[in-house]
Amino acid sequence: MRRAERAVTDREKILQILDACHCCRVGFSDPDGAYIVPLSFAFVPGTPDRFYFHGAKEGRKASLIAKRPKVGFELDCAYELVAGQSGCKYSCRYQSIVGTGVIGEVQDLEEKKQALSALMRQYEPSRSFAFTDEQAQAVAVYRLDVAAMTGKQRQ
């Protein structure tokens with residue numbers, strides 16, 4: 001990272017940033033050019049750290065996941081413009097996480113239901129959600145195993 005003073009290396013701080021984010025952008029390599037998809041997500045810390053996403057079982061995203069599972073991802077939050085005396089003196093405050101990993105479709109029904117519950121917990125932490133087998137089978141659930149992840153912030 002070029003600006004080492006902005007690096008976030010504390011694991012708890014990285015988890016706080018992830019918790020504050022609302023969208024994870026996943027970037028795929030495609031022969032037609034990079035393809036970036038904004039997704040609702042659940043982050044599950046562990047070894048490896050994992051992100052879960054849901055979506056359709058077919059389409060460009062599903063096809064790329066099957067063909068090119070090595071991806072990049074980005075999340076950001078706490079954006080605030082910092083005005084300056086001239087255009088070149090403007091800046092911004094932010095927190096971000098970037099990384100790489102391998103993504104694939106979850107086949108295990110119990111893992112799918114747990115992932116869907118984790119997704120809902122990310123956006124509705126005060127409620128508990130359970131999913132039936134039929135509900136879980138109706139959607140695709142994708143798991144991104146994190147290979148590398150770094151945090152950055154400017155305050």
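Buried here means under 20% relative accessible area, exposed over 50%, and partly exposed in between, with a 1.4 Å probe and protein chains only. The structure is a predicted model, in which local features need pLDDT of at least 70 and side-chain atom pairs count only at pLDDT 80 or more, whereas totals for chains, interfaces and linings use all residues. Residues are numbered from 1 along each chain as its sequence is written, and side-chain values use heavy atoms, with hydrogens and water left out.

**Overall architecture**

- The protein chain comprises four helices and eight strands; helices (H or I, at least four residues) and strands (E, at least two) are DSSP runs, numbered from the N terminus.
- The order of elements along the sequence is β-α-β-β-β-β-α-β-β-α-α-β.
- The C-alpha trace of the protein chain spans about 60 × 40 × 25 Å along its principal axes.
- Of the 155 residues of the protein chain, 35% count as buried.
- Among contacts (heavy atoms within 4.5 Å) with a separation of 6 or more, 71% are between residues 24 or more positions apart.

**Strand 2 and its partners**

- Arg25 takes part on both sides, standing opposite Pro38 in strand 3 and having Glu74 as its bridge partner in strand 6.
- The hairpin of strand 2 and strand 3 has six residues between the strands, and Gly33 in this hairpin takes a positive phi near 125 degrees.

- Asp30 lies in the loop between strand 2 and strand 3 and is buried, with a relative accessible area of 14%.
- The side chain of Asp30 reaches the backbone nitrogen of Asp32 at 2.8 Å.
- Leaving aside neighbours within four places in sequence, Asp30 is in contact with Arg60, Leu64 and Arg68.

- Strand 4 (residues 42–44) and strand 5 pair in the antiparallel sense over three bridges, and a hairpin joins them through five residues.
- Within this pairing, Phe43 has Phe51 of strand 5 as its bridge partner.
- Strand 5 and strand 8 run antiparallel and are joined by six bridges, with Phe53 standing opposite Tyr142 in strand 8.

**Nonpolar cores**

- The largest nonpolar core has 28 residues, and those with the most contacts inside it are Phe51, Phe53, Phe73, Leu75 and Leu144; such a core is a set of buried Ala, Val, Leu, Ile, Met, Phe, Trp, Tyr and Cys residues joined through side-chain atoms within 4.5 Å.
- Elements that give two or more residues to this core include helix 1 (11–20), strand 5 (50–55), helix 2 (60–67), strand 7 (91–105) and strand 8 (140–154).
- Strand 8 gives the most to this core, with five residues.
- Not counting residues up to four places away in sequence, Phe53 touches residues including Cys24, Val26, Leu39, Ile103, Tyr142 and Leu144.
- A second, separate core of nine residues includes Tyr52, Ala115, Leu119 and Val141.

**Helix 2**

- The buried residues of helix 2 are Lys61, Ala62, Leu64 and Ile65.
- These residues cover an arc of only 165 degrees around the axis, which puts them on the same side of helix 2; the arc is that of the directions from the helix axis to the C-beta atoms.
- Ala66 and Lys67 are exposed on the other side of helix 2.
- The cover over the buried residues of helix 2 includes strand 2, strand 3, strand 5, strand 7 and strand 8.

**Cysteines**

- The disulfide count comes to zero, with a disulfide taken as a pair of cysteine sulfur atoms within 2.5 Å.
- The sulfur of Cys77 is 3.6 Å from the closest cysteine sulfur, in Cys21, and is therefore too far for a bond.
- Cys88 is likewise in no disulfide, and the nearest cysteine sulfur, that of Cys92, is 15 Å away.
- Cys77 is buried, with a relative accessible area of 11%, whereas Cys88 is exposed, with a relative accessible area of 76%.

Definitions and conventions. Two strands pair if DSSP finds at least two bridges between them. A polar contact is a pair of N or O atoms within 3.5 Å; within protein, one must be able to donate a hydrogen and the other to accept it, and residues adjacent in sequence count only if both atoms are side-chain atoms.
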